[in-house]
Amino acid sequence: MTAPVLRLRRSGRTAQLVIRSRAGRLSLRVHLRALLVGAALLLAALAISLVNLSTGDFPVPVPDVLRSLVGQGDPGTDFIVHELRLPRVLITLLVGAALGASGSVFQGLTRNPLGSPDFVGMTVGAATGALIVLLVLGGGGFQVAVGAILGCLATAVAIYLLAFRRGVQPFRLVLMGVGMYALLDAANSYLIYRSRLDEALAAQVWLIGSVNGHGWTEVTLVGCTVAVLLPVVLYHARHLDLLALGDEPAQLQGVPVERSRAVLALAGVGLAAGATAAAGPIAFVALAAPPLATRLTRSPHAGVLPAALMGAALLSASDWGAQHVLPGNDIPVGVVTGALGGLYLTWLLFRERRNRG
């Protein structure tokens with residue numbers, strides 16, 4: 001077995017590491033800055049998660065948390081870490097990663113910084129499916145998660161079919177998504193309005209988005225989603241930059257345009273559906289994680305993996321804020337991400353106005 005060939009290339013300010021087999025059949029191109037940024041984001045997400053494991057109503061020193069994680073903790077610490085806090089921390093990391101990756105896919109496909117699952121109707125469709133199960137069919141728990149997944153998939157199919165006309169153009173996809181969002185949001189409001197008070201309160205908490213009170217069932221759900229779909233997205237993400245140039249240039253480069261777009265869209269929908277089923281329609285993360293990762297990597301498109309790691313770090317930090325920003329109140333994490341999303345959109349509009357002025 002021959003060793004691979006390593007080669008460092010520079011293009012302007014961008015340094016790339018190219019790993020190629022001796023026969024030249026397999027090659028991998030790695031942007032060094034993106035690799036370093038991804039490693040830093042991963043460390044940040046893990047550090048914040050460790051803080052979340054150690055703080056709360058029953059503080060646990062970090063060394064005791066680490067001993068418990070490797071199976072050397074005492075029974076009391078193990079109960080606090082493994083049963084009370086670890087599921088929440090894992091859900092936060094996995095949901096943030098799924099939303100970040102999904103946002104990167106949709107912003108790349110639509111060529112629009114607002115083309116995230118939040119704005120194109122995916123998460124509100126998942127909310128509709130969950131509310132139908134919760135308020136109409138009287139289901140709960142895993143049934144609500146299944147309803148959210150089916151609602152997200154059905155919404156995605158409807159948007160795709162409505163936007164399809166000899167192919168799918170990005171602007172039609174965004175417009176159809178915004179229109180579907182408005183329709184489904186009105187339907188969700190009607191379902192809550194016609195429900196009983198206790199049902200409406202439970203549904204409203206779910207609609208805000210929360211990782212509190214979830215267990216290993218939700219961890220398994222979103223974990224399987226990320227394990228299956230994230231590799232698919234990473235493999236096909238190399239076509240995103242070429243698709244951003246337009247269908248004809250991408251076809252000239254040998255990209256199967258419709259097939260690549262369909263695979264990426266379905267995988268992005270699946271990631272958004274799994275995340276929403278586990279924690280509700282958490283706002284802002286899918287919208288902001290990709291452009292923030294892009295600014296850190298200083299590349300036109302940050303890539304799916306840095307966006308996923310940025311999403312995990314953002315949601316972990318937001319969950320810490322949800323637990324500690326108001327003394328004695330563990331508010332839903334969707335409240336924090338919604339507030340951050342409003343600030344982000346305000347900054348984005350102000351920056352756009354300043355650049356044009």
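**Exercise 1.** Is aspartate 198 buried, partly exposed or exposed in this predicted model?

*Solution.* Start with the relative accessibility, which is 47% for aspartate 198. Buried means under 20% and exposed means over 50%, so aspartate 198 counts as partly exposed. Arg196, Asp198 and Glu199 are linked in a network of salt bridges.

**Exercise 2.** Find out how helix H2 and helix H3 are oriented where they pack.

*Solution.* Let's take it in steps. Helix H2 covers residues 62-69 and helix H3 covers residues 75-110. Their axes lie 9 Å apart, at an angle of about 80 degrees. Angles of 65 to 115 degrees count as roughly perpendicular, so H2 is roughly perpendicular to H3. Next, look at who touches whom: H2 contributes Asp64, Val65, Ser68 and Leu69, while H3 contributes Thr77, Asp78, Val81, His82 and Leu86. Sorted by class, this contact has 4 nonpolar, 3 polar and 2 charged residues.

**Exercise 3.** Describe the salt bridge between aspartate 319 and arginine 88.

*Solution.* First, the distance: the closest N and O atoms are 2.8 Å apart. Then the location: aspartate 319 sits in helix H13 and arginine 88 in helix H3, 231 residues apart, so the pair links distant parts of the chain.

Terms used:
Residues numbered from 1 in each chain as written. Predicted model: local features only at pLDDT ≥ 70, side-chain atom pairs only at ≥ 80, totals over all residues. Heavy atoms only, no water. Axes fitted to C-alpha atoms, helices over the stretch in contact; angles between N-to-C directions. Helix = DSSP H or I, 4+ residues; strand = E, 2+ residues; numbered from the N terminus. Parallel < 35°, antiparallel > 145°, perpendicular 65-115°, else oblique. Contact = heavy atoms within 4.5 Å. Nonpolar A, V, L, I, M, F, W, Y, C, P; charged D, E, K, R; others polar. Salt bridge = Lys/Arg side-chain N within 4 Å of Asp/Glu carboxyl O. Buried < 20%, exposed > 50% of the residue type's maximum accessible area, 1.4 Å probe, protein only.
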